[in-house]
Amino acid sequence: KEFIYLDEVDSTNTYVKQNQQHLESSTVVYAERQTQGRGRLSRRWVDLEKGIKMSILLKLLLLDLEKIVPLTLFTGLVINRVLRKYGVNSFIKWSNDIYLNGKKVCGILCELSGEVEGFGSIIIGIGINVNAKSIPDEIKDIATSLKAETSQDFDRTRLIIDILKEFEKEFPNFETYGFSHFRDEYKNFCINLGKEILVNGQKMLCMDIGENGELVCEKDGKIVEISSGEVTIRF
Ligand code: BTN
């Protein structure tokens with residue numbers, strides 16, 4: 001497997017997108033600094049020092065590409081599992097944010113890109129706030145770092161290896177059985193369940209996580225299934 005280390009780049013996702021023809025499936029691109037880190041819903045990913053910013057390139061059969069939504073959930077679950085092995089009391093906020101003490105420590109941005117001879121590319125971008133001591137004012141109410149919450153320093157190399165190993169170990173199960181294989185574990189750590197949430201501005205009650213990872217909610221006595229969007233939890 002190839003691992004590309006960059007001191008600085010605009011965005012590891014953009015880098016992978018631009019260079020994908022020359023990169024093998026499973027290549028990981030890591031950057032120490034991102035000048036234009038991107039988040040979901042066209043937002044920015046604020047670059048904190050001593051974090052993990054990396055993208056995994058997967059070249060998959062086009063037939064498999066419908067798995068992109070469950071794949072992002074799967075990635076979040078893998079990271080949550082690894083953090084928990086380190087003793088971190090993390091949770092998953094649907095669809096794929098990792099929370100610690102009510103604030104976000106990790107975000108995932110999956111992008112579909114290009115098609116060559118029946119294969120498409122999925123770029124899984126992972127941003128984890130690891131050893132940053134202080135959080136910039138603009139995001140400090142909603143974001144945190146592992147260090148800020150636990151007062152511990154984390155070995156980033158170890159963490160990256162553990163995440164990639166766990167991903168590699170479980171990916172065959174994901175390919176064979178889909179998200180449903182991981183659904184119980186996901187539900188166990190999902191903070192949306194049973195809560196009143198706002199989905200794209202509409203108030204709903206979160207009832208369940210479906211077989212393919214969709215959010216099952218109740219609104220005005222009706223069941224609504226949500227597969228993407230902006231979800232806010234009212235703590
Ligand atoms: C989100 O929570 O909105 C997703 C954030 C994803 C951030 C990561 S950092 C590495 C990769 N490169 C990017 O530009 N974004 C992702």
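**Reading domains and a ligand shell**

Tutor: Let's begin with how the two parts meet: in this predicted model, ten residues of domain 2 are in contact with twelve residues of domain 1.

Student: Which elements supply the side of domain 1 that touches domain 2?

Tutor: Helix 2 (68–85) and helix 5 (183–189) each give at least two residues to that side of domain 1. By class, this side of domain 1 has seven nonpolar, two polar and three charged residues.

Student: And where are the bounds of the two domains?

Tutor: Domain 1 runs over 3–189 and domain 2 over 196–233. Their C-alpha centres lie 23 Å apart.

Student: On to the ligand. How many residues surround it, and which are the closest?

Tutor: The ligand is surrounded by 20 residues, with S11, G39, G107, G125 and G127 the closest. Sorted by class, the shell holds ten polar, five nonpolar and five charged residues. Helix 1 (12–19), strand 3 (52–61), strand 6 (103–116) and strand 7 (119–128) each supply at least two of the shell residues.

Student: What does UniProt list under "binding site"?

Tutor: The unreviewed entry lists S11, T12, N13, Q34, R38, G39, R40 and K104.

Student: How many C-beta atoms lie within 10 Å of R38?

Tutor: R38 has 18 others, so it is partly exposed. R38 is in the loop between strand 2 and strand 3, and its contacts include S11, N13 and W45.

Note on methods:
Residues are numbered from 1 along each chain as its sequence is written. This is a predicted model: local features need pLDDT of at least 70, side-chain atom pairs count only at pLDDT 80 or more; totals for chains, interfaces and linings use all residues. A residue is near a molecule or strand if its C-beta atom, placed from the backbone, lies within 6 Å of it. Helices (H or I, at least four residues) and strands (E, at least two) are DSSP runs, numbered from the N terminus. Ala, Val, Leu, Ile, Met, Phe, Trp, Tyr, Cys and Pro count as nonpolar, Asp, Glu, Lys and Arg as charged, and the others, Gly among them, as polar. Domain bounds come from an automatic or database domain assignment. Two residues are in contact if their C-beta atoms, placed from the backbone, lie within 7 Å. UniProt positions are given in the numbering used here, feature names are shortened, and annotations may be inferred rather than shown by experiment. A residue is buried if 20 or more other C-beta atoms lie within 10 Å of its own, exposed if 12 or fewer, and partly exposed in between; C-beta atoms are placed from the backbone. Lists of a residue's contacts leave out its neighbours within four places in sequence.
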